[in-house]
Amino acid sequence: MMIKLLQPVTASLSSKRKTSYPSFSLVREHNNLFLRGFMILLLSCITIQLNFCISSIPSSLKALPLEGHLNFDEVGLSQASRDFGNRYHTQPMALLHPKSVSDIAVTIKHIWNLGPSSQLTVAARGHGHSLQGQSQAHGGVVINMKSLIAPEMKVYAGELPYVDVSGGELWINILHETLRYGLAPRSWTDYLHLTVGGTLSNAGVSGQAFLHGPQISNVKQLEIVTGTGEVVNCSEEQNRELFHSVLGGLGQFGIITRARILLEPAPTMVKWIRVLYADFTAFTRDQEKLIFMENAFDYIEGFVIINRTGLLNNWRTSFNPQDPVQAHKFKSDGRTLFCLELAKYISMEETHAVNQEVKTLLSHLNYIPSTLFVTEVTYVDFLDRVHTSEVKLRSKGLWDVPHPWLNLFIPKSKIHKFAEVVFGNIVTETSSGPVLIYPVKKSKWDNRTSVVMPDEDIFYLVAFLASAVPSSNGPDGLEHILNQNKRILEYCEGAQLGVKQYLPHYNTQDEWKAHFGPQWEVFLQRKSVYDPLAILAPGQRIFQKAITFS
């Protein structure tokens, strides 16, 4: 509906006979009444048209030829309005449970055909592990990706093994299936109960990233449903631009419905090691040394521990101290410490050789000798270690709480400056959740993807993974943690550290432009090609669907 505003008009009135003219105030009052009436009529028309569109949408969706089904009931919609972050709750109009890729394509194509006059948007939801409502779609359609049962998982063994999986498959299920062939994916996240499409839309980072890169560096092929409802296969050799766009693309260019993941021979056991440092320089020097060593460790992470009582005694439940007497004497109270966490994969026949190798590797490190703790666990137990904590927290009702997480990529050249200000000053304790810190090599990442990284060869992932106690007004309360995150971000910006958010969250497009920097124009161009109506992933708050009335 094109609207032309009426402009004030001055009319010169003439008459052959003398007459008394109405006063100027009466004319102005008449014009004001006219404009007021016109605007009420205009707004009423728009409201009627919007209501008509909204009321007609469910029936048009219900008529779609689907193998699965659409859910419009309050219980299902309420579940789709929540996520792991547990802070943003936005209810969709419908929840799609697809049984096939065609169900997803048909739904998106229908919304695309409705054109810009429709306010419908679409969000893919895997395990609902987003933090700020990224998997939500206010008044739109949320796709339950875990309902996608086709294609079935299929493992291809051989010289270059891989597995074809649905975008809605959980990584824990992929682990169990590939292990039947003596194989496993090369790169992981710390938590395996996430979907393939969810992690590949971000990056997928864990302690193996220094060696193999993130999960998005270990994908051979994708099947995508774009924002126009087209189903497209893409890889390095086919539709390369879409392939790179979607990886780390925050769901903006298409929904991942199938992925081909690279595999490697799987170990049977893992030697799992923890040591402590009091000196941050020694800690980072050893981390950086290890990520460049050939045939050393298979997993390297670290975390910050501030003012934790009885730390090593807590470790005894899962780890064995190499010097029990000295470990018992060690005091962690009131101190800022840095834990280096390492893992070496082993097969049963290699146990003795690996033990000697690990002993040699550890001899080159500068940790506190009394803090060496070691254990051996199965490969599955090591990879699924966070789920063990989840089960305990759920039993205590402490899992479904707000998770105001903050994940940052920090250039190597600025990590000491960051640590000096943040650890012990802004962050004064770590009882609300772990603070991870470990380096990765940019050479293992593909800069053609949509992920934003610092402009240095080595950068650190620093992740503040706090859980907030809902009723608390103290350091473990939501308000305190959010304020702490704000202070960290304000410091990073003010000190110009060149930090980039991982799992980013911003509220304005200007903030997103600053986040992407020189990559923004490429990102914008990709959006205009693959999702020109901005139908997909509205919860990221990068683009807003433009609605026109005709």
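The chain folds into 17 helices and 19 strands. Helices here are DSSP runs of H or I with at least four residues, strands are runs of E with at least two, and both are numbered from the N terminus. This is a predicted model, in which local features need pLDDT of at least 70 and side-chain atom pairs count only at pLDDT 80 or more, while totals for chains, interfaces and linings use all residues. Residues are numbered from 1 along each chain as its sequence is written, and side-chain values use heavy atoms, with hydrogens and water left out.

**The chain as a whole**

Of the chain's 550 residues, 53% count as buried; buried means under 20% relative accessible area, exposed means over 50%, and partly exposed is in between (1.4 Å probe, protein chains only). Contact means heavy atoms within 4.5 Å. Among contacts in the chain between residues at least 6 apart in sequence, 76% join residues at least 24 apart.

**The sheet of 9 strands**

Let us start with an open sheet built from 9 strands, in the order β13-β15-β11-β14-β12-β17-β18-β16-β19, with antiparallel pairing. Two strands pair if DSSP finds at least two bridges between them. At the edges are β13 (320-321) and β19 (500-502), each of which pairs on one side only.

Within this sheet, β17 (residues 435-441) and β18 (residues 458-464) pair in the antiparallel sense over 7 bridges. Here V435 stands opposite F464 in β18.

Helices lie against these strands too. Helix α8 lies across β11 (269-277), β12 (299-306), β14 (336-346), β17 and β18, and runs at about 20° to β14. Helix α15 (residues 478-494) packs on the sheet as well, touching β16 (406-411), β18 and β19, and its direction makes about 20° with that of β16. For such angles, axes are lines fitted to C-alpha atoms, for helices over the stretch in contact, and the values run from 0 to 180 degrees between N-to-C directions.

**Helix α8 meets helix α14**

Helix α8 (residues 280-290) packs with helix α14 (residues 415-422) at an angle of about 140°, their axes being 11 Å apart. That makes α8 oblique to α14, because angles under 35 degrees count as roughly parallel, over 145 as roughly antiparallel, 65 to 115 as roughly perpendicular and the rest as oblique. The residues that meet are F280, T281 and T284 from α8 and I415, H416 and A419 from α14. Sorted by class, this contact has 3 nonpolar, 3 polar and no charged residues. In that sorting, Ala, Val, Leu, Ile, Met, Phe, Trp, Tyr, Cys and Pro count as nonpolar, Asp, Glu, Lys and Arg as charged, and the others, Gly among them, as polar.

**The sheet of 4 strands**

Another open sheet has 4 strands in the order β1-β2-β4-β3, with mixed pairing. Its edge strands are β1 (69-71) and β3 (122-125), each pairing on one side only. From one strand to the next, the twist averages 25°. The strands β1 and β2 run antiparallel and are joined by 3 bridges. N71 has L95 in β2 as its bridge partner.

**Some single residues**

L276 lies in strand β11. With 0% relative accessibility, L276 counts as buried. Leaving aside neighbours within four places in sequence, L276 is in contact with several residues, including I305, L311, L312, W315 and F338. D333 sits in the loop between α10 (324-329) and β14. At 41% relative accessibility, D333 counts as partly exposed.

| Pair | Apart in sequence | Apart in space |
|---|---|---|
| D333 and T309 | 24 residues | 4.8 Å |
| L276 and L312 | 36 residues | 9.7 Å |

Two more residues are worth a look for their backbone angle. Most residues other than glycine have a negative phi. Phi of N86, however, is near 55°, a positive value. N86 is found in the loop between α2 (74-80) and β2 (94-97), and counts as buried at 14% relative accessibility. Phi of R541 is near 60°, also a positive value in a residue other than glycine. R541 lies in the segment after α17 (520-530) and is partly exposed, with a relative accessible area of 26%.
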